[in-house]
Amino acid sequence: MLTEYHCHVLPGIDDGADKVETSLAMLDIMKEQGVEKVIFTPHFYCHRERSVERFLEKRQEAFEAIKDKSPIKNMLLGAEVAIENGLSEVKDIEKLAVQGTKLILLELPYRDYADWMSEEIYNISAEYSLKIILAHVHRYLEYYSKEQLEKILSSECIMQVNNEAFTSWSEKKMVKNIIKDGRTIVFGSDAHNISDRKPNWDILQKKVKPEIIEASDSVLGKFDVKK
Ligand SMILES: [Fe+2]
């Protein structure tokens, strides 16, 4: 079941879909491209939010606005949580895991790597027994040194890859190496709209072998909370 692990489809909650019509248009495109299951991952920045609880309320309201009209019926709520210093100590942070699973999507900062980032990742996984998914790892090629990237890639995290990585020579090379190393990968469109950052599952299916995509689809079930 083709699964979308990373997108900004929920209306009016972040820099993704601005209104219900945009959300539904994005879901229509995804459906046409074969997506059958979607995890909604609006941005969560702890320095901007009043509390996790309030964020979850806003997320629920945005979801209510589209859930009955969505052309894709298999939907789960999650978040793209920005790694900030002290994140692991934020109250209720574990509630940002993908609904019904032990998976949480974390986004590294776009700045020089620092050890506190690894510490936050470790603390969140250890304290709450969560499996970390690192968002679009290929986007950090220009920020981190080779050693820092290797340190990140050698961690136990699941690597999330944006479909558009396959349109860039250097990013594609990095992703192919991650695949070759046998790392667990999940794919996402990271779609924000229906113009310059629209759903792009057509790219992935053209560039990647079906078994690699199927492996991504199967990750969700392996981290069900009931297991
Ligand atoms: Fe994102």
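A pocket, as the word is used here, is an open set of grid points with protein on both sides within 12 Å along at least five of seven lines. The structure is a predicted model, and the second largest pocket in it holds about 230 Å³ of space. Of the 15 residues that line this pocket, Ile121, Tyr122, Ser155, Glu156 and Cys157 are the closest to its centre. Three elements, α3 (115-128), β7 (131-134) and α4, each supply at least two residues of the lining. The largest share comes from α3, which gives four residues. Sorted by class, the lining of the second largest pocket has nine nonpolar, three polar and three charged residues.

The largest pocket contains about 310 Å³ of space. Its lining consists of Leu141, Lys146, Leu149, Glu150, Leu153, Lys173, Met174, Asn177, Ile178, Asp181 and Arg183. Two or more of these residues come from each of the helices α4 (146-153) and α5 (169-180). In the largest pocket the lining divides into five nonpolar, one polar and five charged residues.

Glu150, at 46%, is partly exposed.

Across the whole structure, 11 salt bridges are found. One of them joins the side chains of Glu53 and Lys95, at 3.3 Å from N to O. This pair links distant parts of the chain, with Glu53 in helix α2 (residues 52-67) and Lys95 in the loop between β5 and β6 (103-107), 42 residues apart. The relative accessible area is 36% for Glu53, which is partly exposed. Lys95 is likewise partly exposed, at 39%. Lys95 has a further salt bridge, to Asp92, where the closest N and O atoms are 3.4 Å apart. Asp92 is buried, because its relative accessible area is 14% and the limit for that class is under 20%. Through shared partners, salt bridges join Glu53, Lys91, Asp92 and Lys95 into one network.

Next comes the metal site. Which protein residues are the donors of the iron ion? They are His6 (NE2), His8 (NE2), Glu80 (OE) and Asp190 (OD), at 2.1 to 2.3 Å from the ion. Along the chain the donors follow the spacing H-x1-H-x71-E-x109-D. Glu80 lies in strand β5 (residues 80-82), while Asp190 lies in the loop between β9 (185-188) and α6 (201-207), so this pair ties together parts that are 110 residues apart in sequence.

Why is the arrangement of the four donor atoms around the iron ion irregular? The angles they subtend run from 81 to 166 degrees. For comparison, the ideal angle for four tetrahedral donors is 109.5 degrees. Water is not among the atoms, so sites may look incomplete.

Both Glu80 and Asp190 are buried. For Asp190 the relative accessible area is 2%. The backbone of Asp190 has a positive phi of about 55 degrees, although the residue is not a glycine. Ser129 is another residue other than glycine with a positive phi, near 50 degrees. Ser129 is located in the loop between α3 and β7. Is Ser129 buried or exposed? Ser129 is exposed, with a relative accessible area of 53%.

About 40 Å³ of space lies in the largest cavity. Tyr5, Ile39, Thr41, Val98, Leu103, Leu105, Ile133 and Leu220 form its lining. By class, these residues are seven nonpolar and one polar, with no charged residues.

Key
Residues are numbered from 1 along each chain as its sequence is written. This is a predicted model: local features need pLDDT of at least 70, side-chain atom pairs count only at pLDDT 80 or more; totals for chains, interfaces and linings use all residues. Side-chain values use heavy atoms; hydrogens and water are left out. Donors are N, O and S atoms within 2.8 Å of the metal (3.2 Å for Na, K and Ca); water is not among the atoms, so sites may look incomplete. Four donors count as tetrahedral if all angles lie between 85 and 135 degrees; four count as square planar and six as octahedral if opposite donors are over 155 degrees apart and all others between 65 and 115; anything else is irregular. Buried means under 20% relative accessible area, exposed over 50%, partly exposed in between (1.4 Å probe, protein chains only). On a 1 Å grid over the protein atoms alone, a cavity is a set of points where a 1.4 Å probe fits but cannot get out, and a pocket is an open set with protein on both sides within 12 Å along at least five of seven lines; lining residues have an atom within 4 Å of a point. Grid points are joined across faces, edges and corners, and a volume is the space filled by probe spheres set on the points. Ala, Val, Leu, Ile, Met, Phe, Trp, Tyr, Cys and Pro count as nonpolar, Asp, Glu, Lys and Arg as charged, and the others, Gly among them, as polar. A salt bridge is a side-chain nitrogen of Lys or Arg within 4 Å of a carboxyl oxygen of Asp or Glu.
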